[in-house]
Amino acid sequence: MATEENSSWERRTWPELKRLAVEVPEAGIHLQKSRVYRREKDLEELRKGGYNFDGLFQENPWYASLFDDFRELPADELPPGMASGCEFGSVCINVMLYLPWLVGQCRANGVAFRRANLSHVSEAAGLSHAGSADVLVNATGLLASRLGGVADARVVPVRGQVVVVRNEAPHMATASGTDDGWGEVCYAMTRAAGGGTVLGGTYQKGRWESQPDPNCALRIMRRAVDLVPELAAGKGVAGLDVVRHGVGLRPYREGGVRIEKESVDGTWVVHNYGHSGWGYQGSYGCAQDVVGLVDEILGRSKL
């Protein structure tokens, strides 16, 4: 989650995600309470601002004003070892449903899809169904680090390992740290429409390894059932019904997201990449800024 000074994208995205959860069930998004716990061990580091998740675990967080049901948790609702925590109504996305739904929305609005291998960003202009594109939007994520014409050395992977289980959690939950060493984190979130519960995880900057580590998987499951015992009905790791293990590489960018326009070999490009692990929750706000830049290039006035 962003810090307050960079929260505009998420502030503008939240109303749309909430609308989809309430009005468009086929999009694969549902409402779910979220609990954020701040460990006693992490308070000093959190207060210095030296933390991977930026604004998520801040005391008196900016997003308190975003959710009308935000509340700080009383001491009797905190797990052992937690100094404080908060709760608010959020959403969880089943991306296995949401991404195909987005493709359908694009097709319904006349978008043509093409698949190709590109060595340079300007080559994409020739893939347009209209002949040659006037503007390209570069949303290449992690491979913005390697694509010709972009080759952004500040983009690096942040490896995220997860375990997906059939068990359902009573709420989403995350803790500010773990005792398991560098790059290990703790969270649980149940996806919509039977999509299982995702247990995480890791936040390992600079690692490209795509295969799950079984020892790490065991630590992930142990942390999850310690944080949310109801997940496994108090039976611990033995009570988890595992669907699969997975690894994803988040597109992290040193210095933050890049949303700006640039002329590359005579072709206008609007860049939109470097969202790390929060791309969904800031997606509509980022898209609005991209549209604004495209309109500037094409000389369109805002209505």
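Setting aside neighbours within four places in sequence, Trp278 is in contact with Trp9, Glu10, Val257 and Cys286, where contact means heavy atoms within 4.5 Å. Trp278 and Glu10 are 268 residues apart along the chain, yet their C-alpha atoms are separated by 8.9 Å. Trp278 sits in the loop between S12 and H5. Helices (H or I, at least four residues) and strands (E, at least two) are DSSP runs, numbered from the N terminus. With a relative accessible area of 12%, Trp278 is buried. Buried means under 20% relative accessible area, exposed over 50%, and partly exposed in between, using a 1.4 Å probe and protein chains only.

A word on what you are looking at: this is a predicted model, in which local features need pLDDT of at least 70 and side-chain atom pairs count only at pLDDT 80 or more, while totals for chains, interfaces and linings use all residues. Residues are numbered from 1 along each chain as its sequence is written, and side-chain values use heavy atoms, with hydrogens and water left out.

Let us step back to the whole chain. Its secondary structure comes to five helices and 12 strands. The C-alpha trace spans about 60 × 40 × 40 Å along its principal axes. A compact globule of 303 residues would have a radius of gyration near 19 Å, and the 20 Å of the protein chain agrees with that. This radius is taken over C-alpha atoms, and the globule rule is 2.2 Å times the number of residues to the power 0.38. Of the 303 residues, 48% count as buried. Among contacts between residues at least 6 apart in sequence, 70% join residues at least 24 apart. The accessible surface comes to about 15500 Å², and 50% of it belongs to carbon and sulfur atoms; such areas come from the Shrake-Rupley method with a 1.4 Å probe, and for residues only the protein chains shown count as cover.

Now follow the chain on either side of Trp278, which lies in the loop between S12 and H5. Strand S12 belongs to an open sheet of three strands in the order S4-S12-S11, with mixed pairing. Strand S4 (135-138) and strand S11 (258-264) stand at the edges with a single partner strand each, so one side of each has no neighbour in the sheet. From one strand to the next, the twist averages 20°. Two strands pair if DSSP finds at least two bridges between them. S4 and strand S12 (residues 267-273) run parallel and are joined by four bridges. Leu136 has Val269 as its bridge partner in S12.

Helix H5 (residues 283-298) lies across S4, S11 and S12, running at about 25° to S11. For such angles, axes are lines fitted to C-alpha atoms, for helices over the stretch in contact, and the angles run from 0 to 180 degrees between N-to-C directions. H5 has 16 residues and reaches 22 Å from its first C-alpha to its last, close to the 22 Å expected at 1.5 Å a residue; the expected span is 1.5 Å times one less than the number of residues. What do the buried residues of H5 pack against? Their partners are helix H1 (8-23), S4, S11 and S12. Among these buried residues are Cys286, Val290, Leu293 and Ile297. After H5 comes Gly299, whose phi is positive, near 75°.

Elsewhere, strand S1 (residues 29-39) is mostly covered, with eight of its 11 residues buried. S1 runs antiparallel to strand S3 (residues 82-93), and 11 bridges join them. Here Arg39 has Met82 as its bridge partner in S3. S1 also pairs with strand S6 (residues 172-175), in the parallel sense and over four bridges. Arg35 stands opposite Ala173 in S6.

The peptide bond from Gly200 to Gly201 is cis, with omega near -5°, and Gly201 has its place in strand S8 (residues 197-202). Asn60 is a residue other than glycine with a positive phi, near 50°. Asn60 lies in the loop between helix H2 (43-48) and strand S2 (71-72), and counts as exposed at 73% relative accessibility. Ala151, also not a glycine, has a positive phi near 40°. Ala151 lies in the loop between S4 and strand S5 (155-165), and is partly exposed, with a relative accessible area of 46%.
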